[in-house]
Every structure is written in structure tokens, then in C-alpha cells.
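Subject: Structure handover

Dear colleague,

Here is the structure for your files. My notes on what was found in it follow below.

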Amino acid sequence: MTVRELDAAGIHDPALRAAYAHCRGLNARHGKTYFLATRLLPVDRRPAVHALYGFARWADDIVDDLDSSATPAERGRALLALEAQLEAGLRREGATEPVIRALADTARRYGIDRVHFTDFLASMRSDLTVGGYASYEELGRYMHGSAAVIGLQMLPVLGTVTPREEAAPHAAALGVAFQLTNFLRDVGEDLDRGRLYLPAELLTAHGVDRERFEWSRRTGARDARITDVLRAAAAHNRAVYRDALPGIAMLTPVSRPCIRTAFVLYSGILDSIEADGYAVLHRRSVVPRRRRAVVALDGLVRAVAARAVSRRGEEAPVAEPSCASPSPRPHVAPVREEAL
């Protein structure tokens, strides 16, 4: 499948093909939900998404790898080295690192503004020294670089049927919505890293503080006030998903099934968190495998239909159905990768 993707994208240089294949492997291993949704894109667009993911994953691992004994100062130097490699790659100075080589090629092919990468790395650096945020406004400034720019990087790859600047705020909102979901799902793991991405103003409004969260994480004990905080955070997250939703209809029809599937799967994590009683300090909530299969199959049907319309040169309707999760089916046949 990698060969077909690279051929379709017009990527023929052997070293560059190897670089993209490396990024695809990172996506497949670490971004299972994201990778599943990417399978629904036309084959020629997938390598670019793998490159964008590979770069984000590399930077995130520098900052967050719990298995590493690197100090914050050492991690900071690694981020600076990564940024220097990126700048060299974007200047066409023969980057040798596979992820940088693939990313620089993708940025040139799709005209992605380099400021999005600069802003992303700035937020990654702040994670080395900042362990909490006073308000949603302050957290939002961090998430512009850590999440909103991811949506903006993706937009040229996905394509739009409206002016790109009209779709951009929704793409940025979807990046933020996905990250807020990650923050809620991973709140316990982030505490282990010395960070809490739930604003202090939200905790104060429900009569708890960070120390209470750390106590709950450490002891396994529950506190109804913590549950209230998490429930309020989930409600805020759902509001951001609503802000992002209109952007799906602004994408090119062949890209919509991918983003719709990611939308349903990621927002479904909030459903799982709720079903688990907001126990995220003690265990990770996941979308059940059968549910993932149902959503993937629904996305595949939509993707095949959109590609058929595109091949016939017909104009697909701009309106996109609701992103409510599809109804479960009595039996779900396995989705084979060759079909994608």
C-alpha cells in the first residue's frame, strides 16, 4: 500500500520515498485513530498527512517520553536541534533526517506556511517549563501552537470548496477539539509528567485544586468535585467540536469522509469517558473496537462514493450530514486495508 500511495503522489526519489515510508510507520504505530481516518483519504494525499504526523510525533516524543531520562535542559536542546534541522530542510539544504526530509517536501508541495511549524515548536518548548494554566484564555494561547496550527497545516492537503480563509477557523477549532479530548483522556498521565491542562479557574469554580487531583491520582480515591470538573471540561470540549463541525462541508468532497471519521472517533472518546464515570485519573477511556469498526466502515462507504463522484467529474453537494455516530449494525465485516 505504501508503494501505491507514493506512486500516486508522484514521489519517485528513493530516499524521499523511504522518508515518507518512515513517517507512515510512525503514524501506524502511534496514531491509531488518526491513521485509521487517514486511510479514507485519496491515496495521493496520504503521504503528506503521514509527514505532518511524523514531525508532530517526533517533537512530542522529545518533550513527553516518560521512558527517557533526559533533563528539561537536554530536551530543550533537542527541540532547538530539531528546529534547526527543519529550517535547513525548508531552505532546501539537503536534510538527511527522514522526518524532516518528508515534511519539507510536503510543505513545498502544498505551500504550507512555515510559521505553523514555528508556532508548534514554540508550544512544545513551553511544555518544558509550564505545568499549568490559569484560564481557558491562557490555555488557548498555548493550544494555538500545539493544536490549532495542526488543522491549518492539514487544510492545504485536504483542499476546500470555499476560500481557504473561510475554512481556516473551523480547521483550527477541530485541531483544538482533538487536543482537548486528549487532555481529558490523558489527565492522569499528564499529571505524572508534572502538567495539568485543566485551567485553574475551572478547578476553583468547583472547589478543588491541583493538589486534590494529584491526591486522587496517587491514591485511586474518587472525589465528586473532581468528577464535576471533568464533566464541565467535557462540555466545553463538545462546544469546540460544534464550532468545528461546519468546516467539514467546506472541504473537498473526497476529503470529508476522513475528517468526518476522525471527528466521530475523537468525539466518541468523550462518550467513553462519560460511560466510564469520568475515571480518567485512574484509567484510560477508549472507543470500543466494535464501535471503531462501525465508524470506519461508514467512512469507507462515504469515501468510495465520494471518489466515484469525483472520477465522473460530477459536482458533489456541499452540505454534509450530521457527524452523529452511525447506528450500530448487527454484523460488521472486517475492513481490509486493500479496500482503502
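Arginine 284 is partly exposed, at a relative accessible area of 41% (buried means under 20% relative accessible area, exposed over 50%, partly exposed in between, with a 1.4 Å probe and protein chains only). Its salt-bridge partner is aspartate 186, with the closest N and O atoms 2.9 Å apart; a salt bridge here is a side-chain nitrogen of Lys or Arg within 4 Å of a carboxyl oxygen of Asp or Glu. Aspartate 186 counts as buried, at 10% relative accessibility. The two residues are 98 apart in the chain: arginine 284 sits in the loop between helix H14 (256-275) and helix H15 (289-312), and aspartate 186 in the loop between H9 and H10. Helices are DSSP runs (H or I, at least four residues), numbered from the N terminus.

A note on the source: this is a predicted model, in which local features need pLDDT of at least 70 and side-chain atom pairs count only at pLDDT 80 or more, while totals for chains, interfaces and linings use all residues. Residues are numbered from 1 along each chain as its sequence is written, and side-chain values use heavy atoms, with hydrogens and water left out.

Other salt bridges

The whole structure contains 24 salt bridges. In one of them, the side chains of aspartate 64 and arginine 195 meet at 2.6 Å, N to O. Aspartate 64 belongs to helix H4 (residues 46-64) and arginine 195 to the loop between helix H10 (187-192) and helix H11 (200-205), so this pair ties together parts 131 residues apart in sequence. Aspartate 64 is buried at 13%, and arginine 195 is buried at 4%.

Aspartate 271 pairs with arginine 238, the closest N and O atoms being 2.9 Å apart. Aspartate 271 is in helix H14 and arginine 238 in helix H13 (residues 224-244), 33 residues apart. Salt bridges with shared partners also join Glu5, Arg24, Arg39 and Arg46 into one network.

Methionine 154

This residue lies in helix H8 (residues 136-158) and is buried at 8%. Leaving aside neighbours within four places in sequence, methionine 154 is in contact (heavy atoms within 4.5 Å) with Tyr34, Val49 and Leu52.

Regards
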